[in-house]
Amino acid sequence: MREYLDHPRLHVARAKGCWLFDTDGNRYFDGTASLWTNVHGHGDPDLDAALRNQLDQVAHTTLLGINHPSAAALAGELAHLTGGKLNRCFFSDNGSNAVEIALKLSFQYWQLAGKPEKRVVAGLTGGYHGDTFGTMAVGDSGGFHERFAPWLFPAKHIPAPVHVECAGKVAHSDATQSLAALDAILAAEADRTASVILEPRVQGAAGMVQQPPGFVAAVAERCRRAGVHLILDEVFTGFGRLGAVTASSVEGVAPDFLCLAKGLSGGYIPLAATLTSDAIHDAFLGRFSQQRAFYHGHTFSGNPLACAVARASLAKLRPLLASGRVAETITTLGNQLVSHFTTHPNVAEVRQLGLTGAIDLVPRDRNRRWPADLRVGFQVSLAARKHGLVIRPLGDSILIVPPIVATPDEVRHLARALHAALDDILPGLESAAVPLH
Ligand SMILES: Cc1ncc(COP(=O)(O)O)c(C=O)c1O
């Protein structure tokens, strides 16, 4: 908070396409896609029109016990994304809630199925699923959540697989340990395990930590055989981020619960959805006195404006992906990260998959490290603003998340601006590094 108070604040007054404009008229490429949400750019005419049209109908009406046409249509379109395998949609208003809902639905399902002892949840090390208590419990975000550990229900954590890829070249890839740990949990306590939860292919908030292709399918198959739910958290990876509408479809996996948010509404308005199957849905049916209903409601769940803009965004996303434009930007991003950073003396590792990237910064002398209070990533991010780029650090790593609609030229600008920010900051910090041990 001291840093926040002491450093110049950036006020975004307006935005167009992939560019943010501050109150002084300076422009910045939106290198965080407005916290990983933006799909078609800011001020997209079709999304704006959908919003205005919905505004002429109704701005908000509840989904508690009644419905509205935009939510009903969107639910059908989302089910279609899963080939009809996940036909049931529970709307909410942010990614954490989408995951909380999946967890609670899974817990309640096992109770209704006469197996209340199935309560354990297993996630991946480094997993991030949100900041509410349930999502903190099943996540493993170290510093973000440690302080709240005494209040969190216990969960198991399987070591995340190792995979390092950039521009299609794989430096390391190994899921053996991870799958062996999952096998051990399922062999010992499948009858007490409710669900396995993971972010497919890329764990964003862990620092764009990647998984080998096929890993999600291998986990899904194990869950299916053991009778354990699989919850896929595609809050970050959905809606074009990895070059397809969902990462799970590329992996050929239909989970028991699919959590969507962020890009779902194009980055315009809070909206989230938890998709599940008819079979799971039907377990919640019964006479009133049986109390099988799922009690979970947020005031603005499935807001009509959000649903309308989500439908417009989804309608544009499919042709955008099919046009090959996103694939071209992905290729350019990978090549740019290779040419600017793989041989940079201050970069220990570069990761890129789809429109996600990370560079890990270290002193040139690999026997030294930077003290945490130097806030190297933060300093680099501030310097990037001078080169027309808004970007966010995670410790001494820089996370790269352009809007899905970004052009090859725009990601070239991103890489150039980030490189210039490294050159501004890092030479002056070499002498501040301390011995590793
Ligand atoms: C994979 C994943 N799940 C859940 C969340 C939480 O979403 P929200 O911030 O909308 O609550 C995030 C946010 O970054 C995320 O990356």
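**Ligand shell, domains and strands**

Mentor: Helix H5 (residues 95-112) gives the largest share of the shell around the ligand, three residues. Helices here are DSSP runs of H or I with at least four residues, and strands are runs of E with at least two, numbered from the N terminus. This is a predicted model: local features need pLDDT of at least 70, side-chain atom pairs count only at pLDDT 80 or more, and totals for chains, interfaces and linings use all residues. Residues are numbered from 1 along each chain as its sequence is written.

Trainee: How many residues surround the ligand, and which are the closest?

Mentor: There are 14, and the closest are Asn94, Gly95, Ser96, Gly130 and Val235. A residue is near if its C-beta atom, placed from the backbone, lies within 6 Å of the molecule.

Trainee: Other topic. What domains does the assignment give?

Mentor: Domain 1 is 2-30 + 323-431 and domain 2 is 46-321; the bounds come from an automatic or database domain assignment.

Trainee: How many residues of each are in contact?

Mentor: 24 residues of domain 1 are in contact with 18 of domain 2, where contact puts C-beta atoms, placed from the backbone, within 7 Å.

Trainee: Which element gives the largest share on the domain 1 side?

Mentor: H12 does, with eight residues.

Trainee: And the strands: how do S2 and S3 run?

Mentor: Antiparallel, with three bridges joining S2 (residues 19-22) to S3 (residues 27-30). Strands pair if DSSP finds at least two bridges between them. Leu20 stands opposite Tyr28 in S3.

Trainee: What lies between S2 and S3?

Mentor: Four residues, in a hairpin; Gly25 in the turn has a positive phi of about 90°.

Terms used. Contact = placed C-beta atoms within 7 Å.
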